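Hello,

My notes on what was found in it follow below the display.

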Amino acid sequence: MSGSADTASVGATKAEFPEVPFAILNADGSCDPEYRELIDDADVVRVLQTLWLNRVIDQRFLKLQRQGRLGFYMTSTGEEATTIGAAYCLRDDDPIFLTYRELGALLWRGVPLEMLMNQLIGNGQDVNKGRQMPIHFCFRDWAVPSISSPVGTQLPHACGFGYASRLRGTAQVPLAFLGEGTASQGDFHTALNFAGVFRTPCVFVIRNNGYAISTPESQQTASESLAIRASGYGFPGIRIDGNDFLAVINAMGQAVERARGGGGPTLVEALTYRIGAHSTADDPSVYRSADEPERWRALDPLERLTAHARWRGLFSEEDERAWRESCEARISALVTACEAWPPPPLETLFQDVLRDPGLQLRRQRDRYLAYLRVREPDAHEVP
Amino acid sequence: MSESKSMNMIGALNQALDLYLERETNAVILGEDVGHFGGVFRVTAGLQEKYGVERVMDAPLAEAGIAGMAVGMALGGLEPIIEIQFADFIFPAIDQIVNELAKYRYRSGAQYAPKVVVRTPYGGGIRGGHYHSQSPEAHFVHTPGLRVVFPSNPYMAKGLLLAALECPDPVIFFEPKRIYRASQGDVPLEYYTVPLDRAWTMRHGEDATLVAWGAMVPICLEAAALAEGEGYDIEVIDLASLAPYDSATVERSVTRTGRLLVVHEAPQTCGFGAELVAGVQDVVFPYLEAPLRRLGGFDTPFPYTLESHYMPSADRILFELRELIDY
Ligand SMILES: Cc1ncc(C[n+]2csc(CCOP(=O)(O)OP(=O)(O)O)c2C)c(N)n1
């Protein structure tokens, strides 16, 4: 990946979007005083805590998956400055259209950990009734629509939601995430074109983490930037260092404000790196050298924000250790509690296809229950 | 006798692709992660190394582009073999497959007949939830102009894939991913084909006929073995090709047994079982001892936690068979 231009705005879009720096944090954690006000001390600590919580959850669920206690898992290690930073700039009722790699956005939004874990485990307490694979979250009360596996399908949704928001006067600004691989999908181009044509309030954030499973960014696009595509759709695209929390909130804050103020959509390309495997089903050693992630660890968003906090005199090593330990303990207790819940009741299998099950499905259900009554007379309560 | 080797379905498919790329220099492979990585299920492992990046291509993440590009490649004289990483992700490509690939020969008065083989892993049983479990064959069977083929074991996989590759028609080749590795068997190392559009009797029996394809074939064989323990003699037919399909073999069987149960994973309503029972009933009606019956998935999206209830099992097949035999 390239892209260490000193300014982030590209092409014809410069005029529309204020100049924003590609990166803000210096190597020693300091920053130019004018950017210090982007975030106050209390929030720096809260963000760091969220970042740590994200890491602890990722590590724990990766382990649970290896132990066979979870079907599947995907980490977002290395990308949290982008996921948390983008969510940081939103109002609580701004919908977040997610992919499977933005746990940080949900943590920042404040979705209770227990609800996240019930989904990951797929137990009977899951608000989605255990119907989807782990990480395919949906929490309407937190303005988080349902995550889908087919990549890119959420992008036109964000555009449509933005249109609804304007027409109904709710002033909500939808945020949609995608990976750089997904920028190859038709839905990405369609969404951007519609957003441009209807000037919908919304922000698209590309987590350019270098890979789509095994496929490097260089095989997704011949263009040197993804941000530049926005100008072809008539709105600004900007490229930032996605591992620099301050650069993320600086750019995102302006994009969200612009959308809320009627200025239309923005495309933000955040350069970052997927430190872990694509998923628990992936083996990255086949397609990248072991030292490549190590090189990126030097740019770890957690380290960089920690350095910044220390520069401000916040979040000492002792604070960090105490917080990490409290996260570990909290997650351990929650995992035990969430694993103890039984699976969703059998009748949920047949619900919610339409509002009420139709005749064919009712008959299928009755026949299956008849079978179960014969095979395991005590096992299932008949609804 | 030519040499053979015990291998799983992935190895058998890989061999078929290797042999075909070697023989037919116009054949190319295009798909997500199929090149250097060798595919997320490793079916194309080693092929880019052997045949180069021009013939084994990593595609950008866009199924519509993959399918559309393949149609164009075929119009231009190549023989594209595309991989859709999971059958669930074939839907972004549906316009290119259904409106273009399937209709090109007909609409051009056969001036052009783009031939593309679409390989795609399908089916449940891997804890894949809604989008890594579906069996969308009915959509394609319902699209005139496509062949739809399902291997059920390594021998069939290699032979059917080579036949699909030789066939002048577009083929949707559904690979049962749940038994990619579990299904193991002797496979000749040489080039051979298994003819398309015929069904295969996998087990002879007199009391009832089970018809299935892909991953449901071994489940039906298991059910037949269980049924044998109860004194029932069950015939099992692997349909292998759903479009066009060999109704004659099924009719001959049901004429003898008087009973038919079709088993598939896809939702029952409008699943291929509906076609099969309707398609054979004219011929078999006078011989029936029980109604023609289907056992499919429920008419719901494919579930996650409750997956085991959704998938037809050998035990449920036995339950249905018992009822048909005692009818
Ligand atoms: C339509 C579709 N095709 C294929 C897949 C399989 N798949 C899952 S994730 C993925 C790569 C996505 O890469 P990217 O968009 O860069 O996001 P990242 O995983 O790097 O966060 C692929 C190919 C899918 N989920 N959906």
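Between domain 1 of chain B and domain 2 of chain B, the count of salt bridges is 0. Please keep in mind throughout that this is a predicted model. What the domain interface does have is polar contacts: the rule finds 12 residue pairs across it, both residues of each pair being at pLDDT 80 or more. On the domain 1 side of chain B, at least two residues each come from α6 (137-141), β6 (147-149) and α7 (154-166). That side, where it touches domain 2 of chain B, consists of 13 nonpolar, 10 polar and 4 charged residues.

For orientation, domain 1 of chain B covers 4-188 and domain 2 of chain B covers 200-325. Their C-alpha centres lie 26 Å apart. The contact involves 27 residues of domain 1 of chain B and 26 residues of domain 2 of chain B. About 2000 Å² is buried between these two domains, with 59% of it on carbon and sulfur atoms. Within domain 1 of chain B, the most area is lost to domain 2 of chain B by Arg127(B), Phe150(B) and Arg178(B), which together account for 23% of what that side buries.

Now the interface between the chains. The predictor gives the complex an ipTM of 0.95 and a pTM of 0.96. Chain A brings 45 residues to the contact and chain B brings 41 residues. Together the chains bury about 3500 Å², and carbon and sulfur atoms give 59% of that area. On the chain A side, Leu349(A), Arg367(A) and Tyr371(A) supply 17% of the area buried against chain B, more than any other three residues.

How many salt bridges are there between chain A and chain B? The count is 3. One of them pairs Arg367(A) with Glu320(B), with the closest N and O atoms 2.9 Å apart. Helix α13 (residues 359-375) of chain A contributes the largest share of the side of chain A that touches chain B, namely 10 residues. By class, that side divides into 22 nonpolar, 18 polar and 5 charged residues.

Some notes on chain A itself. The domain assignment gives domain 1 (33-339) and domain 2 (346-375) of chain A. The centres of these two domains, taken over C-alpha atoms, are separated by 37 Å.

Over all chains, the structure holds 42 salt bridges. Among them is the one in which the side chains of Asp41(A) and Arg312(A) meet, at 2.9 Å from N to O. Asp41(A) is in helix α2 (residues 41-66) of chain A and Arg312(A) is in the loop between α11 (301-311) and α12 (317-340) of chain A, so the pair ties together parts that are 271 residues apart in sequence.

Two points of backbone geometry may be worth checking on screen. In chain B, the peptide bond that joins Ala243(B) and Pro244(B) is cis, with omega about -10°. Pro244(B) sits in the loop between β12 (241-243) and α9 (247-257) of chain B. In chain A, Ala143(A) has a positive phi of about 60° although it is not a glycine. Ala143(A) is placed in the loop between α5 (113-121) and α6 (154-168) of chain A.

Last, the confidence values. Chain B averages a pLDDT of 98, and 100% of the residues score at least 70. Chain A averages a pLDDT of 94, with 95% of the residues scoring at least 70. Over residues 1-5 of chain A the pLDDT stays under 50, and the model has 14 contacts beyond four places in sequence for this stretch. Residues 10-15 of chain A also have a pLDDT below 50, with 10 contacts in the model beyond near neighbours in sequence. Where pLDDT is low, the predicted coordinates should not be read in detail.

Best regards

Terms used
Residues numbered from 1 in each chain as written. Chains lettered and ligands numbered in written order. Heavy atoms only, no water. Domains from an automatic or database assignment. Contact = heavy atoms within 4.5 Å. Buried area = accessible area lost by both parts, 1.4 Å probe. Salt bridge = Lys/Arg side-chain N within 4 Å of Asp/Glu carboxyl O. Polar contact = N/O pair within 3.5 Å; in protein donor to acceptor, adjacent residues only side chain to side chain. Helix = DSSP H or I, 4+ residues; strand = E, 2+ residues; numbered from the N terminus. Nonpolar A, V, L, I, M, F, W, Y, C, P; charged D, E, K, R; others polar. pLDDT = per-residue confidence, 0-100.
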